[in-house]
Amino acid sequence: MSGETPTTAEYIQHHITNLTYGRHPDGTWGFAHSLAEELEMGMWTVHVDTMFWSISLGMVFCGLFFWGTKNLTSGVPGSFQNILETAVEFVDNNVKQVFGTRPNVIIGPLSLTILVWVFLMNLMDLIPVDFIPEAVKYVGIEHFKVVATTDPNATLGMSIGVFFLVVFYSIKISGPIGFVTGKFTHPIAHPIAYPLNFVLEMVDLIAKPLSHGLRLFGNMYAGEMIFILIAALLPFYAQWALTLPWAIFHILIISLQAFVFMILTIVYLTQAHDAGDH
Amino acid sequence: MTFSLLTMIGQMISFVLFVLFCMKYVWPPLTQIMQERQSLLAEGLEKASAAEKQLDDANNAAAEELDAAKKQSADLIAQARNRAGQIVDDAKGQAQDEADRIKQGAQAEIDQEVNRARETLRKQVSVLAIDGAEKILEASIDKKVHQTMLDKIAAQL
């Protein structure tokens with residue numbers, strides 16, 4: 001592609017390819033230079049761009065909030081403390097509404113981390129699609145996706161993390177035996193239906209992390225694809241006519257998807273805690 | 001959009017680390033400070049309502065004091081008016097007495113003057129009568145002999 005003007009298909013392909021580090025079929029480790037090379041590497045690869053952005057933005061979240069807690073006051077809060085408290089209060093209210101006031105040390109910070117982290121990763125979508133990829137080309141990096149949440153590996157990584165927590169709490173609440181028998185005795189409490197119940201419960205169990213992670217991925221991927229299409233199909237002087245309204249609308253989507261990911265986390269954890277009540 | 005197991009695991013690990021960081025360093029201080037503020041606010045509101053009640057009480061007390069003072073001053077004014085009336089009445093009585101006394105004195109003086117004038121007149125009349133009688137009787141009446149009779153006449157005048 002060097003030097004030539006890429007075709008539309010090449011342009012789009014370029015924008016949806018991650019910077020992948022893995023083992024080439026010949027046994028050497030290195031970056032993939034095309035989608036075909038990446039596919040040859042199999043699943044033992046690292047999407048360096050995804051990891052870079054998710055860890056950087058996670059550290060931005062931790063850094064900002066940690067820095068904010070350095071000089072807290074119970075009197076009149078400053079503007080930054082106000083922002084932090086608004087976020088915490090918003091999360092806390094949602095946790096209280098869905099999960100209730102049961103004592104749980106992890107659900108609040110977990111939800112806050114998800115909300116802010118996912119929001120920050122989504123926020124990268126508002127940076128014009130070519131800014132960062134074109135800039136890093138000068139240091140020899142061919143592919144560089146900016147929005148970590150448009151990588152299903154990242155979103156599924158988080159949703160499976162939540163899934164482990166759900167399983168952990170389910171087992172903690174109903175005990176290992178109760179957890180396993182629960183998979184047979186629900187929803188139809190009759191021995192004949194036990195095999196059918198098990199199939200249903202397994203589908204239910206596995207669908208949760210899948211839909212959880214893929215929902216965020218799908219929304220963000222579709223949103224980014226619109227930006228890429230606008231950039232690929234329109235001349236540069238006309239792009240603003242579509243990118244601007246879409247970006248404004250996208251502000252809603254990025255916040256909403258971060259919120260939905262958080263709320264679903266709370267809902268799944270609540271279900272895990274309620275399972276013992278049956 | 002390719003499957004990348006290491007990315008997924010890496011994302012999961014960083015997720016866990018960020019959540020742990022948030023649990024330890026971010027969530028507790030923020031929620032604690034918010035709770036502190038909540039109790040501060042509750043305290044402040046309680047104090048404010050107590051102060052309001054105190055203010056009401058003080059206002060009521062002040063109004064009562066003011067009423068009492070007004071009543072007292074009204075009483076004092078009424079008393080002073082009575083006293084003034086009394087003083088004027090007393091003065092009037094005294095003036096009347098004084099006037100009566102002066103009038104009586106003047107009357108007595110007048111009476112005295114009248115009596116004195118009458119006495120003088122009487123004496124002059126008796127002298128005139130004797131003169132007249134002397135002239136009528138020429139020397140027939142001896143002054144020494146008839147003195148008693150003349151005195152009687154003079155006394156009758």
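User: The bend at a residue is the angle between axes fitted to the seven residues ending there and the seven starting there. At which residue does H7(A) bend by about 105°?

Analyst: This is a predicted model, in which local features need pLDDT of at least 70, side-chain atom pairs count only at pLDDT 80 or more, and totals for chains, interfaces and linings use all residues. Residues are numbered from 1 along each chain as its sequence is written, while chains are lettered from A and ligands numbered from 1 in the order in which they are written. In H7(A), a proline, A:Pro176, follows the bend within four residues. The bend of about 105° is at A:Gly175.

User: How far apart are the end C-alpha atoms of H7(A)?

Analyst: H7(A) has 34 residues. A straight helix would reach 50 Å at 1.5 Å a residue (1.5 Å times one less than the number of residues). H7(A) falls short of that, with its end C-alpha atoms only 33 Å apart.

User: How many helices and strands does chain A have?

Analyst: Helices (H or I, at least four residues) and strands (E, at least two) are DSSP runs, numbered from the N terminus. The elements of chain A run α-β-β-α-β-α-α-α-α-α-α-α, and its C-alpha atoms fill a box of roughly 65 × 60 × 40 Å along the principal axes. The secondary structure comes to nine helices and three strands.

User: Are H7(A) and H8(A) roughly parallel or antiparallel?

Analyst: The axes of H7(A) and H8(A), residues 194–233, come within 7 Å and cross at roughly 155° (lines fitted to C-alpha atoms over the stretch in contact, with angles from 0 to 180 degrees between N-to-C directions). Among the meeting residues are A:Phe163 of H7(A) and A:Phe198 of H8(A). Angles over 145 degrees count as roughly antiparallel, under 35 as roughly parallel, 65 to 115 as roughly perpendicular and the rest as oblique. The two helices are therefore roughly antiparallel.

User: How many residues of the contact between H8(A) and H9(A) are nonpolar?

Analyst: H8(A) and H9(A), residues 240–274, pack at about 175° with axes 11 Å apart, which makes them roughly antiparallel. Residues that meet there include A:Phe227 in H8(A) and A:Trp246 in H9(A). By class (nonpolar: Ala, Val, Leu, Ile, Met, Phe, Trp, Tyr, Cys, Pro; charged: Asp, Glu, Lys, Arg; polar: the others, Gly among them), six are polar and two charged. The nonpolar residues number twelve.

User: How many charged residues are in the contact of H1(A) with H8(A)?

Analyst: H1(A), residues 8–15, packs on H8(A) at about 150°, with axes 10 Å apart. A:Thr8, A:Tyr11, A:Ile12 and A:His15 in H1(A) meet A:Ile228, A:Ala232 and A:Leu233 in H8(A). Five of these residues are nonpolar and two polar. The number of charged residues is none.

User: Which element gives the largest share of the side of chain A that touches chain B?

Analyst: In total, 43 residues of chain A are in contact with 31 residues of chain B (contact: C-beta atoms, placed from the backbone, within 7 Å). The elements giving two or more residues include H2 (35–41), H4 (79–98) and H7 (152–185) of chain A. By class, this side has 25 nonpolar, 13 polar and five charged residues. The largest share, nine residues, comes from H3(A).

Methods. Contact = placed C-beta atoms within 7 Å.
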